[in-house]
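Here is a colleague's note for someone meeting this structure for the first time. Please keep the sequence and the model open while reading the numbered points.

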Amino acid sequence: MTAKVSGLRVARYREHNCSTKHRTYAAMAMCVWSRAGWGRQAVVKGDGPYAVVHWLKVGRSPVYAQVELFDDLEEAVDLYEKASDPTYCGGSCRKAGSRHRLVELVLP
Ligand SMILES: [Zn+2]
Ligand SMILES: [Zn+2]
């Protein structure tokens with residue numbers, strides 16, 4: 001099911017950081033949000049084209065991405081909106097600035 005979401009910008013990502021043809025959104029997300037030099041790999045949960053990205057900082061770790069993937073745009077939007085409530089996310093997200101992104105992944 002596709003939903004039209006008014007007033008929300010969904011970034012569309014086709015670019016990733018390697019020359020592999022990723023077959024799953026989870027593999028692509030891992031590639032997009034894990035870069036050499038960032039110090040930590042992304043944590044990817046679920047699978048599907050719609051991603052809600054949190055940035056986390058745990059202890060003295062570098063900031064890294066936690067990506068939650070959904071098949072359904074509505075579910076992703078739901079989480080994205082909940083996460084905009086400053087009390088929704090844990091301290092590790094707040095420590096990194098409580099920034100979230102809503103992204104649609106397009107497999108190469
Ligand atoms: Zn890649
Ligand atoms: Zn968060």
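1. Two strands are said to pair if DSSP finds at least two bridges between them, and pairing in this sense is used throughout the points below. With that in mind, V53 stands opposite R101 in β5, while on the side of β4 the residue opposite V53 is V67. Please bear in mind that this is a predicted model.

2. The chain as a whole comes next. It holds 3 helices and 5 strands, and along the sequence these elements follow the pattern β-α-β-β-β-α-α-β. The radius of gyration is 14 Å, close to the 13 Å that the globule rule gives for 108 residues, so the chain is as compact as a globular protein of that length. Along its principal axes the C-alpha trace spans about 40 × 35 × 20 Å, and 26% of the 108 residues count as buried. Among contacts between residues at least 6 apart in sequence, 54% join residues at least 24 apart.

3. What is the order of the strands in the sheet? The 5 strands form an open sheet with mixed pairing, in the order β1-β5-β3-β4-β2. Each of β1 and β2 stands at an edge with a single partner strand, so one side of each is left without a neighbour in the sheet. On average, and with direction ignored, neighbouring strands of this sheet are turned by 30° against each other.

4. The pairings around β3 deserve a careful look. Strand β3, residues 50–56, is joined to β4 (residues 64–70) by 7 bridges, and the two run antiparallel. Between β3 and β5 (residues 100–105) there are 5 bridges, again with the strands running antiparallel. β2 and β4, by contrast, pair in the parallel sense over 3 bridges, and there K45 has E68 of β4 as its bridge partner.

5. Why can β3 be called largely enclosed by the rest of the structure? The reason is that 6 of its 7 residues are buried, where buried means that 20 or more other C-beta atoms lie within 10 Å of a residue's own. One of the residues of the chain to inspect here is A51, which touches A29, V67, E68, L69, A76, V103 and L105, leaving aside residues up to four places away in sequence.

6. The largest nonpolar core has 24 residues, and those with the most contacts inside it are A29, A51, V53, V67, L69 and A76. Two or more residues of this core come from each of α1 (25–32), β3, β4, α2 (73–83) and β5. As background, nonpolar side chains tend to be buried together in soluble globular proteins.

7. The helices can then be placed against the sheet. In α1 the buried residues are Y25, M28, A29 and V32; seen down the axis of α1, they fall within an arc of 100°, so they line one face of the helix. In general, an α-helix has 3.6 residues a turn, so residues three or four places apart point the same way. The cover over the buried residues of α1 includes β1 (11–13), β2 (43–45), β3, β4 and β5. For α2, the model shows the helix lying across β3, β4 and β5, and running at about 25° to β3.

Note on methods: Residues are numbered from 1 along each chain as its sequence is written. Chains are lettered from A and ligands numbered from 1 in the order in which they are written. This is a predicted model: local features need pLDDT of at least 70, side-chain atom pairs count only at pLDDT 80 or more; totals for chains, interfaces and linings use all residues. A residue is buried if 20 or more other C-beta atoms lie within 10 Å of its own, exposed if 12 or fewer, and partly exposed in between; C-beta atoms are placed from the backbone. Helices (H or I, at least four residues) and strands (E, at least two) are DSSP runs, numbered from the N terminus. A nonpolar core is a set of buried Ala, Val, Leu, Ile, Met, Phe, Trp, Tyr and Cys residues joined through C-beta atoms within 7 Å. Two residues are in contact if their C-beta atoms, placed from the backbone, lie within 7 Å. The arc is that of the directions from the helix axis to the C-beta atoms. The radius of gyration is taken over C-alpha atoms; the globule rule is 2.2 Å times the number of residues to the power 0.38. Axes are lines fitted to C-alpha atoms, for helices over the stretch in contact, and angles run from 0 to 180 degrees between N-to-C directions.
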